[in-house]
Amino acid sequence: MALKPFKAPGARLALRSKPARSYVAAADGKAEIILDISRLLSRSFHAAPTGIDRVEYVYARELLERIPERLAFAAVHPAGGYYGRLNGAAVRQFLAFTAARWRNSSVKDEAAGRAAVIRHLIALRPRPVPRARSPRVYLQVSPHHLDDPDQVGAILRAEGARFVTLVHDVIPLTHPEFARPQGAAEHRRRIRTIDRYADGIIGNSQATIDALGPFMTRSMEGRSLCVAHFGADPPDIFGGESHKVPSRPYFVYISTIEPRKNHLLLLNLWRRLVERLGDRAPVLVLIGRRGWENENVVDMLERAEILRGHVIEAGSVPDTEMHALVAGARAMLMPSFEEGFGIPVIEALSVGVPVICSDIVAHREVGGEAPDYLDPLDGLGWMRLIEAYAMPDSPEREAQMARIKAWRAPQWRDYFDIIMQLLDDVTATAPA
């Protein structure tokens, strides 16, 4: 997901149902939308974003473009407690600074970067919640503080607002073995908060909404629901800069290194490829920070001498470098066991880069007929396809390139058309 200044690029999404509920028209017209940016503030000292960080940023960017006159910002302070309303001009400056920092590969002075972050956080001083002159909706698109239902309830009472939230996945509950030790319990509290307060729910995929249903005690039919596929910004972030990429054919994998992402499969395959092909083996570039409970993967990255020069752990890189690496890759690899959406699939296909990914529901939903799908346990199948794609005139790769031409990239424009419809459904009316 490329980061751009505040202008609305295009996006497509899938629609779900409207609420089965009776309403009467609200007297004061369009609702005030209060966007929670707690996640961005809490992550402001991190130079590289996660997927959730990017989504919260895009919401701020697009809503500022569409409804600046009725958009407000709020956040929970990184130290805890409701931060209150934020100065709008300071928020705009913070967002511009954040986007530039994410994509700028030339910033090397960490002390200067931290000082700049502190200046922005000081400027984002809280203000009292003003008296409501119209209906309000509190929109939260990250899981930040959702594990504290009392705090969420207090925020909604202070704002006098209805609540809409975006659910990214339910993986810690459906697959607790892939979460941190306390991840399932923490996520269960988040779902209870959503169950208790949410008037509207946005799912990033139908797979996520379907997985969410069994964990909700209140009916899903009594709420406004939509399924909206994240968009992909045009790849205009290169800015003419030159970025070093491997000279041999290479593949990329963008992901935090954690158990459900299945890095171990790729590392074992690459060991076998190097044993067989030596310096003729393709290169694997891993983009993303190290996560948790990944000791076997780290051991291979640090101690498997045979992988030196064949597997590159790039870590968290600026957006300019990341997109240059993706653009030159033979394919994006995504062997994860489970996903709520799979942003890298969209990003790669949107710029015409093939994708080889695990055959899971979320990948099928967003990738359609374009990618090559494999079971995440099919090691021999992955090896055969990687070897085939590494060849200069690969028929398999050319076949996918042809399929990509028929695949339509989701557009943010369409995404936010649906989001605005949902917000109107929830807040421009009041319960009868």
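A residue is called buried when its relative accessible area is under 20%, exposed when that area is over 50%, and partly exposed in between, using a 1.4 Å probe and protein chains only. By this rule R408, at 47% relative accessibility, counts as partly exposed. The structure is a predicted model, in which local features need pLDDT of at least 70 and side-chain atom pairs count only at pLDDT 80 or more, while totals for chains, interfaces and linings use all residues. Residues are numbered from 1 along each chain as its sequence is written, and side-chain values use heavy atoms, with hydrogens and water left out. Helices (H or I, at least four residues) and strands (E, at least two) are DSSP runs, numbered from the N terminus.

**The sheet**

- An open sheet is built from 8 strands in the order β5-β4-β3-β2-β6-β7-β8-β9, with mixed pairing, where two strands pair if DSSP finds at least two bridges between them.
- The edges of this sheet are β5 (126–127) and β9 (224–227), each of which pairs on one side only.
- Within the sheet, strand β6 (residues 136–140) and strand β7 (residues 162–167) run parallel and are joined by 4 bridges, and L139 stands opposite V164 in β7.

**The nonpolar cores**

- A nonpolar core is a set of buried Ala, Val, Leu, Ile, Met, Phe, Trp, Tyr and Cys residues joined through side-chain atoms within 4.5 Å.
- The largest such core has 103 residues, and the members that touch the most others are Y59, L63, L139, I202 and Y415.
- Helix α16 (residues 412–427) gives the most to this core, contributing 9 residues.

**Two helices and their surroundings**

- The expected span of a helix is 1.5 Å times one less than its number of residues, and for the 15 residues of helix α7 (residues 183–197) this should give 21 Å, which agrees with the 21 Å between its end C-alpha atoms.
- The buried residues of α7 are G183, A184, H187, R190, I191, T193, I194, D195 and Y197.
- These buried residues of α7 are covered by elements including α5 (149–159), β7, α6 (171–174), β8 (198–203) and α8 (206–212), where contact means heavy atoms within 4.5 Å.
- Helix α9 (residues 263–277) also has 15 residues, and its first and last C-alpha atoms are 21 Å apart, close to the 21 Å expected at 1.5 Å a residue.
- In α9, the residues H263, L265, L266, L267, L269, W270, L273 and V274 are buried, and what covers them includes β10 (250–254), β11 (283–287), α10 (295–303), β12 (311–315), β13 (331–334) and α14 (379–390).
- Just after α9, G278 takes a positive phi of about 60 degrees.

**Salt bridges**

- Side chains of opposite charge can pair when their charged atoms come close.
- A salt bridge is a side-chain nitrogen of Lys or Arg within 4 Å of a carboxyl oxygen of Asp or Glu, and by this rule the count comes to 27 salt bridges.
- One of these joins the side chains of E159 and R85, at 2.8 Å from N to O, and this pair links distant parts of the chain, with E159 in helix α5 and R85 in strand β4 (residues 82–86), 74 residues apart.
- Another salt bridge joins R260 and E258 at 3.4 Å, N to O; R260 counts as buried at 12% relative accessibility, and E258 counts as buried at 9%.
- The side chains of R408 and D414 meet in a salt bridge at 3.2 Å, N to O, and D414 counts as buried because its relative accessibility is 18%.

**Cysteines**

- A disulfide is a pair of cysteine sulfur atoms within 2.5 Å, and the count by this rule comes to 0 disulfides.
- C226 counts as buried at 2% relative accessibility, and C357 is buried with a relative accessible area of 0%.

- H145, although it is not a glycine, has a positive phi of about 60 degrees; H145 is found in the loop between β6 and α5 and counts as buried at 8% relative accessibility.
- E293, which is also not a glycine, has a positive phi of about 45 degrees; E293 lies in the loop between β11 and α10 and is partly exposed, with a relative accessible area of 41%.
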